[in-house]
Amino acid sequence: MTLATMGTGVHRKGGDYAVRMPDPAPSASRQEQKERTRQSILSSALELSLKQGFAQVSLRQVSRHAGIVPTAFYRHFESMDQLGLALVEESFSTLRQMVRDAQRDPEVFENIIDAAADVLVETVKQRKTHFGFVSRERMGGPDVVRTAIRHELDLFVSELAVVLARLPNIEDWSSDDVQMVSRLFVRNMVTNAEEVVEMPDGRPDLEERIKEGARRQMRLIVVGFKDWRS
């Protein structure tokens, strides 16, 4: 090896020169670390907002809780507003997936009221911190977060309307009417999700009461399908 090839990743083999490709592992490791840090920031913001509301949480508090210096925060988010938007997006991703799964699962679709109540309660239980964030911040959060939550709820209404439009007695409705009934369902789901968030752990009696209440409320909405005239 000559001075010209030292440290360049070029080595001589059998009279020919070959280029040694760099090991991609360090790059992958850095990307994984970056994602772990990002998730730590999101989790820290969620936990801190439980105690004082997102509007009162500072960038320094989040950084300290996540174990990073404030300047490192800006490698992941431009501002606390952008962090709040990321939390909204993360919180609603589960709801969107729930609707998409319902469209693909014939059994869920055939028993949409009972299935919706069960799936909603189980989904909120698994992501209680995120749904708690939405519940608190949709009324009392910063303007940018409240606006984002309203936007996500509107998107959820539109996605659910696609599912509801396939139900009997509603397939010939106008799109405005389908959107209207979808919004009724979403408001019902939001109310019941907030009850699940407030429900203490280890109370199957309360859980069943919430599910049954959700079923009855949705059936009441469905009763009007057959005779509805726009």
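The count comes to 13 salt bridges, a salt bridge being a side-chain nitrogen of Lys or Arg within 4 Å of a carboxyl oxygen of Asp or Glu. The model is predicted, so to speak of local features requires pLDDT of at least 70, and side-chain atom pairs count only at pLDDT 80 or more, while totals for chains, interfaces and linings use all residues. Residues are numbered from 1 along each chain as its sequence is written, and side-chain values use heavy atoms, with hydrogens and water left out.

| Pair | N to O distance |
|---|---|
| Lys-128 and Asp-201 | 3.4 Å |
| Glu-208 and Arg-215 | 3.3 Å |
| Arg-215 and Glu-212 | 3.1 Å |

Helices here are DSSP runs (H or I, at least four residues), numbered from the N terminus, as are strands (E, at least two). Asp-201 counts as exposed, at 69% relative accessibility; exposed means over 50% relative accessible area, buried under 20%, and partly exposed in between (1.4 Å probe, protein chains only).

Next comes Arg-215, which forms salt bridges with Glu-208 and with Glu-212. Arg-215 and Glu-212 are three residues apart in helix α10, which means about one helical turn separates them. Salt bridges that share partners join Asp-118, Glu-122, Lys-125, Glu-207, Glu-208, Lys-211, Glu-212 and Arg-215 into one network. Within this group, Arg-215 is buried at 11% relative accessibility, whereas Glu-208 is partly exposed at 39% and Glu-212 is partly exposed at 32%.

Now for some helix packing. The axes of α8 (residues 143-164) and α9 come within 8 Å and cross at roughly 115 degrees. Such axes are lines fitted to C-alpha atoms, for helices over the stretch in contact, with angles running from 0 to 180 degrees between N-to-C directions. In this contact (heavy atoms within 4.5 Å), α8 contributes residues including Leu-153, Phe-156 and Leu-160, and α9 contributes residues including Val-178, Phe-185 and Met-189. By class, the contact has 12 nonpolar, three polar and two charged residues, where Ala, Val, Leu, Ile, Met, Phe, Trp, Tyr, Cys and Pro count as nonpolar, Asp, Glu, Lys and Arg as charged, and the others, Gly among them, as polar.
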